[in-house]
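The sequence and the model follow.

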Amino acid sequence: MRIMASTEIFKLNEVFKIYERKIALSSFSLIIKKSEVVALIGPSGAGKTTLLDILAQIIKTDRGEFFIDGKPADHYKDGKMYAQKVGIIRQQFDLVGPLPVIHNVLAGRFADWGFFKSLLSLIDKLYERTSHLSGGELQRVALARLLVQKPEVILADEPVSSLDPARSEDVISLLTQIVKEEGQTLVVSLHSVEYARKYFTRIIAMREGKVYFDLPAGEVTDEVLLELYNLEELRKHGKTPQLP
């Protein structure tokens, strides 16, 4: 009997994560399929970083079921093996400042054109100390390192929070373009709903540790976003709410 390969890269069922007395995720259920390009949005404290850390196996769930590519999360006990499947870009970048750019990038592994494409604007700084780079350059180095690692899944936690709008859009555009061309899965937490609607196919909104809505990007209206970010009070007082 032939066993069909799973089309689901992540499946969470009734997952809880609690920090001391604070519930970060509550009865959280979600399925993400392979090759999906997903944006996570929601107010600060909604649980987005906690969710990404669970998907990256940085932290463990307290209760509930978590499956990765059809297997229980505990199946992936080898960190190096899991890094080939799932990679993450965090807000801190996790780069080694004294090392040259090229050494930080190759902490992943040698790969194909994705590496050179992502570093095209840094080609003159490959041997400069990483600590000398700007925030935008650091972000591109972190992205390049993950691309040479070439995991099946890329997770990114607010990857453009420290960048100006022009650089932010460049990074998001490049990242979504490459993963689509490579057939990778992408899950990114974003403050910008504009980028979420423009570059992603699915938007999952989180609030108070739960899924608030899960919709195709084209169905995410200003009205549901206003409800998500709880801006109705501003409207009642005659102020014009600004979407994040």
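## Basis of the description

Two strands are taken to pair if DSSP finds at least two bridges between them. Helices (H or I, at least four residues) and strands (E, at least two) are DSSP runs, numbered from the N terminus.

The model is predicted: local features need pLDDT of at least 70, side-chain atom pairs count only at pLDDT 80 or more, and totals for chains, interfaces and linings use all residues. Residues are numbered from 1 along each chain as its sequence is written, and side-chain values use heavy atoms, with hydrogens and water left out.

## The six-strand sheet

An open sheet of 6 strands runs in the order β6-β7-β8-β3-β9-β10, and its pairing is mixed. The edges are formed by β6 (86-89) and β10, each with a single partner strand, so one side of each has no neighbour in the sheet. From one strand to the next, the twist averages 15°; axes here are lines fitted to C-alpha atoms, for helices over the stretch in contact, and angles run from 0 to 180 degrees between N-to-C directions.

Strands β6 and β7 run parallel and are joined by 4 bridges. Within this pair, Val86 stands opposite Val153 in β7. Helix α1 lies across β3, β6, β7, β8 and β9, at about 150° to β7. Helix α6 packs on the sheet and touches β3, β7 and β8, its direction making about 160° with that of β8.

## The four-strand sheet

A further open sheet, of 4 strands, has the order β2-β1-β4-β5 with antiparallel pairing. Its edges are β2 (22-33) and β5 (71-72); each has a single partner strand, so one side of each is left without a neighbour in the sheet. Strands β1 (residues 8-19) and β4 (residues 63-68) pair in the antiparallel sense over 5 bridges, and Lys11 stands opposite Phe67 in β4. Helix α1 (residues 48-55) packs on this sheet as well, touching β1, β2 and β4, with its direction at about 125° to that of β1.

A nonpolar core is a set of buried Ala, Val, Leu, Ile, Met, Phe, Trp, Tyr and Cys residues joined through side-chain atoms within 4.5 Å. Buried means under 20% relative accessible area, exposed over 50%, and partly exposed in between (1.4 Å probe, protein chains only). The largest core has 33 residues, and those with the most contacts inside it include Ile41, Leu186, Phe200 and Phe213. The largest share of this core, 6 residues, comes from α6. Beyond its neighbours within four places in sequence, Phe213 is in contact with residues including Ile41, Ile203, Val220 and Leu225. A second, separate core of 28 residues includes Ala46, Ile59, Phe66 and Ile68.

Helix α6 has 18 residues and reaches 26 Å from its first C-alpha to its last, close to the expected 26 Å; the expected span is 1.5 Å times one less than the number of residues. Its buried residues include Ser168, Val171, Leu175 and Thr176. Gly183 follows α6 and has a positive phi, near 75°.

Most residues other than glycine have a negative phi. Ser27, in strand β2, has a positive phi near 45° and is partly exposed, with a relative accessible area of 30%. Glu208, in the loop between β9 and β10 (210-216), has a positive phi near 55° and is exposed, with a relative accessible area of 65%.

Notes
Contact means heavy atoms within 4.5 Å.
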